[in-house]
Number of protein chains: 2
Amino acid sequence: MLDFEIAAEEIMARCEALGNISQQSTCLDRRYLTKEHKQANSLVSGWMTEAGMTTWQDAAGNQWGRYNASHANAPRLIIGSHLDTVPNGGKYDGMLGVIAPISLIAQFSRDQVQFPFHIDVVGFGDEEGTRFGSTLLGSFALTGEWKESWRDLTDEQGISLADALVSFGSSFENIESATLTPENILGYLEIHIEQGPILENENLPIGIVSAIAGAKRFNITVTGMAGHAGTVPMEMRHDALCAVSEMILAVETHASSARDVVATVGKIENAPNGVNVISGRTSFSLDIRSEQDDKRDKVLADILQAFDTIAEKRNIAIDIQQTHSADAVHCDTQLKSDMIDGVAQSGVSPRILPSGAGHDAMAMASICPVAMLFTRCKGGISHHPGESITVDDVRYTVEALHHSIINIGKRHTGESA
Amino acid sequence: MLDFEIAAEEIMARCEALGNISQQSTCLDRRYLTKEHKQANSLVSGWMTEAGMTTWQDAAGNQWGRYNASHANAPRLIIGSHLDTVPNGGKYDGMLGVIAPISLIAQFSRDQVQFPFHIDVVGFGDEEGTRFGSTLLGSFALTGEWKESWRDLTDEQGISLADALVSFGSSFENIESATLTPENILGYLEIHIEQGPILENENLPIGIVSAIAGAKRFNITVTGMAGHAGTVPMEMRHDALCAVSEMILAVETHASSARDVVATVGKIENAPNGVNVISGRTSFSLDIRSEQDDKRDKVLADILQAFDTIAEKRNIAIDIQQTHSADAVHCDTQLKSDMIDGVAQSGVSPRILPSGAGHDAMAMASICPVAMLFTRCKGGISHHPGESITVDDVRYTVEALHHSIINIGKRHTGESA
């Protein structure tokens with residue numbers, strides 16, 4: 001008899017343990033291909049082994065564990081999420097989706113429950129994109145979508161992605177070996193905290209995702225003219241930071257005036273960044289999302305037009321580089337249906353809701369059907385140390401995942417018969 | 001016979017040499033109490049010795065050299081400027097005013113020219129304030145104006161001023177030993193590049209300073225709420241960076257609408273500064289200056305009022321710390337007159353102009369009369385690698401300094417007689 005309460009308590013404890021592995025002493029910050037990434041993989045790998053799984057790490061640094069099917073040539077059901085975090089992040093975003101299936105599988109293993117497919121749990125090395133500015137590096141390796149140009153993406157210390165891979169014990173040339181063959185994949189399931197306020201508002205522990213919003217990201221660099229803060233009259237200045245301030249407000253204004261679109265400038269770097277020096281060059285990021293791609297692109301066009309107008313008016317140069325583009329992804333009808341039933345079987349009224357955040361499931365959708373289960377999180381807070389979930393909600397999550405897997409198994413057996 | 005051309009060429013070469021001592025490989029960046037500060041002091045000390053001066057370093061890390069008077073109990077004339085730079089700075093701002101008198105004294109030494117006062121050349125360790133956010137640390141040590149609270153000022157790495165002094169081989173407790181006795185100081189002369197466009201516009205190599213604008217500086221921290229860039233609707237955000245963008249534009253607008261006031265946000269730090277995280281906390285600097293203190297304070301009040309309004313509207317917290325305050329300083333009538341004559345004796349029409357930039361002379365004015373000589377710089381550019389002066393203008397500078405010292409000597413002898 002499976003015990004979801006014990007599983008839920010184990011999951012909570014393991015989220016705590018993983019949350020202690022950080023490259024900063026004052027907050028949780030674990031980025032792609034760092035030594036903390038390696039430590040996290042090692043810890044997770046140990047839990048996988050303990051749960052009766054065989055483990056391996058692929059060329060992109062993703063951590064894998066397999067719970068074997070009842071027969072050898074079975075297809076695979078992949079369940080996973082990511083192990084990296086944003087700087088000053090929380091301990092559930094990503095981690096919950098890797099840890100939860102392992103604890104469920106430990107229960108399967110103990111009770112010798114078997115399925116007509118392998119259950120492969122994956123912990124992706126990069127989803128947040130905070131080290132190299134480009135997201136979903138882990139899952140894009142599985143779908144074979146790495147671009148040659150990513151080789152030269154650099155982090156804040158100027159270390160390239162190619163060099164970071166070598167330091168991690170892999171190489172850019174070897175990434176292809178991580179690519180999966182779509183033919184034998186039944187689907188990809190992902191558990192994730194909601195990162196929004198809907199489930200909390202409706203007093204529900206879990207929900208099923210309808211679609212994931214499409215996102216575009218840019219790095220923008222504005223070049224003005226540095227100068228002495230005391231001697232250059234206001235009317236003679238070409239202050240890069242002032243221009244960027246105007247651009248940031250344009251982003252806020254245009255996104256606010258459209259419904260169902262969010263746009264964010266999360267990162268800014270200013271140079272020379274001296275107290276008494278007029279800013280000469282300022283770079284910033286732009287992230288824009290919507291479940292409606294056309295609506296997002298309309299707002300984006302307005303924003304880029306505003307940037308041009310501001311740059312022209314201030315006689316400063318602007319350079320815009322797109323670093324990410326993903327259209328909205330809709331979850332698979334059948335897998336979603338299996339999950340809706342699974343939620344209902346757990347005693348929870350099935351609530352279907354969209355995801356404003358991007359997830360590894362977006363990338364995986366290009367090679368297999370995907371479905372997602374959301375767990376309620378306090379105040380909708382994520383990407384912040386205040387991220388919080390309850391052991392009771394985790395119990396519902398594991399139970400619904402269990403029923404969903406059973407439902408997929410039944411459907412698979414029915415289809416194969 | 002003094003050769004001002006040889007002196008000017010030597011000065012240009014030495015500015016190049018000092019400009020190579022940097023804590024960054026890609027630009028000139030030399031901050032207070034770093035190992036590069038120590039290297040610069042050592043190089044300058046060697047040149048002082050070569051020029052026939054005795055040398056020492058005081059407890060604040062200022063480098064000194066003395067060219068002895070004709071008699072032992074003579075008063076002292078101090079000539080100097082600073083040896084620190086802003087990040088990505090130029091090689092003349094500060095350095096010219098330390099190097100030029102040394103090369104002139106080398107000529108005095110060779111020809112055994114003597115004066116009825118010691119000529120003390122000082123290279124201040126900190127004027128720009130870019131490491132600890134508080135300016136004029138070098139000259140304030142001479143005037144005995146260090147505050148106990150400065151002990152805990154920290155740099156970007158979190159190193160306190162007190163700890164940095166210990167690393168440099170001094171200590172906060174020992175700073176008092178650098179304080180000068182005002183009684184025997186004849187005055188303080190400072191040569192500096194103009195850092196503005198007036199001399200270039202009027203086709204003049206040098207000019208005499210009337211007054212130095214007063215400046216106030218602040219560190220401001222705005223605290224909002226971090227969150228996920230994809231899931232928090234625009235209307236529910238408390239984005240610190242958006243609030244700061246609005247504040248930066250308020251600074252620009254208020255300063256631009258007043259004549260003779262400049263205000264600058266040169267430095268910004270954002271946290272967590274992730275591509276996909278709404279900004280939770282943003283800090284920035286404010287520097288505001290005018291030759292008219294009341295006008296500056298009126299604009300400042302308007303800016304601070306705007307900050308409060310923005311913070312309230314956006315429901316975010318704001319913390320404002322003043323780090324620097326100096327009223328406008330007027331140059332000494334007699335020393336200025338000696339310098340006006342000196343400029344005329346060099347064959348240049350004397351142009352008296354204000355200084356929008358702060359200088360060590362501002363601090364020194366509290367213990368002795370001060371005067372300043374400006375050297376034309378290309379495009380008025382400073383705090384930038386594009387800083388540029390000509391050997392010919394440096395020749396005029398040295399010649400005018402020479403005549404000014406002779407004039408001071410004559411007046412002093414006349415007064416003493």
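Ground rules first. This is a predicted model, where local features need pLDDT of at least 70 and side-chain atom pairs count only at pLDDT 80 or more, while totals for chains, interfaces and linings use all residues.

**Domains of chain A.** I took the bounds, which come from an automatic or database assignment, as 4-212 + 329-413 for domain 1 and 214-326 for domain 2. Their C-alpha centres lie 33 Å apart. I looked up the buried area (accessible area, 1.4 Å probe, lost on being put together, summed over both parts) and got about 830 Å², with 44% from carbon and sulfur atoms. On the domain 1 side, Gly133(A), Thr135(A) and Met362(A) lose the most, together 36% of what that side buries. The rule finds one salt bridge across this interface (side-chain nitrogen of Lys or Arg within 4 Å of a carboxyl oxygen of Asp or Glu).

**Chain B against chain A.** Here 58 residues of chain B touch 57 of chain A. The pair buries about 5000 Å², 62% of it from carbon and sulfur atoms. In chain B, His228(B), Met234(B) and Val275(B) lose the most area to chain A, together 14% of that side's total. I count two salt bridges between the chains. I also noted Arg314(B) meeting Glu252(A) in a salt bridge at 2.7 Å, N to O.

How values were computed:
Residues are numbered from 1 along each chain as its sequence is written. Chains are lettered from A and ligands numbered from 1 in the order in which they are written. Side-chain values use heavy atoms; hydrogens and water are left out. Buried area is the accessible area (1.4 Å probe) that two parts lose on being put together, summed over both. Contact means heavy atoms within 4.5 Å.
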